[in-house]
Amino acid sequence: MLQGKRIVLGISGGIAAYKGVELLRLLVKAGAEVHVIMTRNAQEFVTPLTFQTLSGNPVHTDLFNLYQEQEIGHISLADRADLLVIAPATANLVGKIAGGIADDLLTTTIMATKAPVLFAPAMNVNMWENPIYQRNQQTLTDLGYHFLAPVRGELACGWEGEGKLPDPQRILDECRRCLTPQRLAGRKVVVTAGPTREEIDPVRYLSNHSSGKMGYAIAAAAWRHGADVTLVSGPCALAAPAGVRLVAVDSAVAMRKAVLDETGSADIVVKAAAVADYRPKQRASQKMKKGNDGPTPPVELVRNPDILAELGEGKRDYLLVGFAAETNDLEENARAKLQAKNCDLLVANDVSAEGCGFEVDTNQVTVFSKDGRNEKWPCLGKDEVAERLIDLFAGQLGAAG
Ligand code: PMT
């Protein structure tokens with residue numbers, strides 16, 4: 001998504017300017033061509049040479065520098081940018097733009113561009129809470145500028161509170177979002193991901209190999225496309241994707257409750273979780289002893305609720321998307337599940353194939369739709385599979401009006 005994109009990274013004068021270096025590194029790693037503009041105050045915190053070395057491009061600092069003006073110039077930087085991201089953005093900088101002031105290269109470029117502009121403000125908590133700052137940010141928000149709110153924490157000035165620049169990775173996610181068509185704006189999406197754990201006793205459980213990667217990638221892609229996303233996740237080691245509301249559950253029974261609670265106003269429900277079909281009939285309250293030579297203790301199993309089937313049965317007018325993890329007869333089994341669970345779409349993957357299914361970063365899926373058609377996609381990164389699925393969902397919602 002950032003590959004080949006021309007990003008102008010604006011650095012204004014705050015201690016968080018050093019985090020701009022890491023953001024630059026991430027942007028470059030993602031394949032973007034980055035041009036850095038530093039205000040005079042920013043150069044008091046980090047030298048232009050650092051940004052120049054990491055971007056591979058000259059750093060722009062002066063509005064009236066004959067050499068820079070001839071080479072690129074503020075108009076050219078503004079015209080050719082796909083995105084401007086200002087991190088950190090000081091209260092002063094935001095105030096200037098809100099007031100229409102363009103008195104240096106950075107403010108002039110922001111005013112001159114038609115590209116999306118993302119501000120990542122960082123400042124002292126009292127400045128952040130000051131109604132003058134808040135009014136300025138609101139003015140710019142109303143005009144279509146993007147803001148990524150600072151996070152709470154210990155601030156460089158010694159205060160504790162909101163005002164810290166978010167992690168560079170979080171800013172990168174927001175850059176991606178700014179560059180993504182908002183095809184799911186105004187839509188509510190519920191995604192399930194990961195395994196469930198069915199406890200046998202306080203130390204043992206039944207589960208499966210799901211890492212959550214597929215479902216988390218779908219949730220992240222839906223957020224990038226503008227949706228309000230809730231991710232109901234079984235236990236996994238992944239961090240919640242940016243902008244997504246995470247509901248953490250453990251067992252199938254808990255997942256069912258969370259999903260039914262969340263689907264009330266959903267437009268799309270995606271069941272990528274690998275839900276255990278069975279759970280122990282009884283959970284022992286104490287650790288089961290293995291004994292020495294005695295018989296293996298039996299674990300009697302009972303069926304778990306089939307959440308997807310229940311959603312399909314009582315289906316309202318949301319798009320219901322199931323997954324099928326198969327090891328054989330993929331097409332036959334997938335079509336049977338699509339019908340039995342009343343899904344609109346069913347995404348089938350052969351989890352016994354290399355580079356496919358559980359734990360890996362790639363997947364090869366075939367998408368079956370209820371009108372009998374199917375699309376077989378090549379093996380792709382799970383992010384790419386997720387992007388394509390979102391495209392499909394948006395198309396289906398669009399077609400349904
Ligand atoms: O998490 P990763 O490591 O990235 O792996 C991704 C994945 C392989 C888990 C994912 O791509 C996938 O295939 N998810 C569905 C796994 C699964 O449970 O498949 P199934 O064929 O057993 O179930 C069919 C559908 O019914 C699924 O949508 C499942 O969520 C749902 N189901 C199943 C059982 C049950 N009790 N309740 C359900 O809702």
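## Ligand shell

Strand E16 gives the most to the shell around the ligand, with four residues. Strands are DSSP runs of E with at least two residues, helices are runs of H or I with at least four, and both are numbered from the N terminus.) The model is predicted: local features need pLDDT of at least 70, side-chain atom pairs count only at pLDDT 80 or more, and totals for chains, interfaces and linings use all residues. Residues are numbered from 1 along each chain as its sequence is written, and side-chain values use heavy atoms, with hydrogens and water left out.

The shell holds 29 residues. Ser210, Ser211, Lys337, Asn349 and Glu359 come nearest to the ligand. By class, 14 shell residues are nonpolar, seven polar and eight charged. (Nonpolar covers Ala, Val, Leu, Ile, Met, Phe, Trp, Tyr, Cys and Pro; charged covers Asp, Glu, Lys and Arg; the others, Gly among them, are polar.)

## Backbone contacts and burial of the ligand

Which polar backbone atom of Lys271 or its side chain aside, what is the distance from Lys271 to an oxygen atom of the ligand? A polar backbone atom of Lys271 lies 2.7 Å from a ligand oxygen. For Ala273, a backbone N or O atom is 2.7 Å from an oxygen atom of the ligand. A polar backbone atom of Glu359 is also 2.7 Å from a ligand oxygen. (A polar contact is a pair of N or O atoms within 3.5 Å; within protein, one must be able to donate a hydrogen and the other to accept it, and residues adjacent in sequence count only if both atoms are side-chain atoms.)

The ligand taken alone exposes 760 Å², and the protein buries 96% of that. (Areas come from the Shrake-Rupley method with a 1.4 Å probe; for residues, only the protein chains shown count as cover.) Helix H11 (213–224), helix H13 (307–313) and strand E16 (319–326) are the elements that give two or more residues to the shell.

## Aromatic pairs

The whole structure has three aromatic pairs. (Rings of Phe, Tyr and Trp, the last by its six-membered ring, pair if their centres lie within 6.5 Å; planes under 30 degrees apart are stacked, over 60 edge-to-face, and the rest tilted.) Phe119 and Tyr145 form a tilted pair, 5.9 Å centre to centre, with 50 degrees between the planes. This pair links distant parts of the chain, 26 residues apart. Phe119 is in strand E4 (residues 117–121), and Tyr145 is in the loop between helix H9 (131–142) and strand E5 (146–147). Phe119 is buried, at 0% relative accessible area. (Buried means under 20%, exposed over 50%, partly exposed in between, with a 1.4 Å probe and protein chains only.)

Trp128 and Tyr133 form another tilted pair, 5.5 Å centre to centre and 40 degrees between the planes. Both residues are buried. Ring pairs also link Phe119, Tyr145 and Phe147 into a cluster.

## Other local features

Arg388 lies over the face of Trp377, 5.6 Å from the ring centre. (The test asks for NZ of Lys or CZ of Arg within 6 Å of the centre and within 35 degrees of the ring normal.) Thr113 sits in the loop between helix H7 (105–112) and E4. Thr113 is buried, at 12%. A polar side-chain atom of Thr113 lies 3.0 Å from the backbone nitrogen of Ala115.

## Overall chain

The protein chain has 15 helices and 21 strands. Of its 401 residues, 50% count as buried.

Terms used:
Near = heavy atom within 4 Å.
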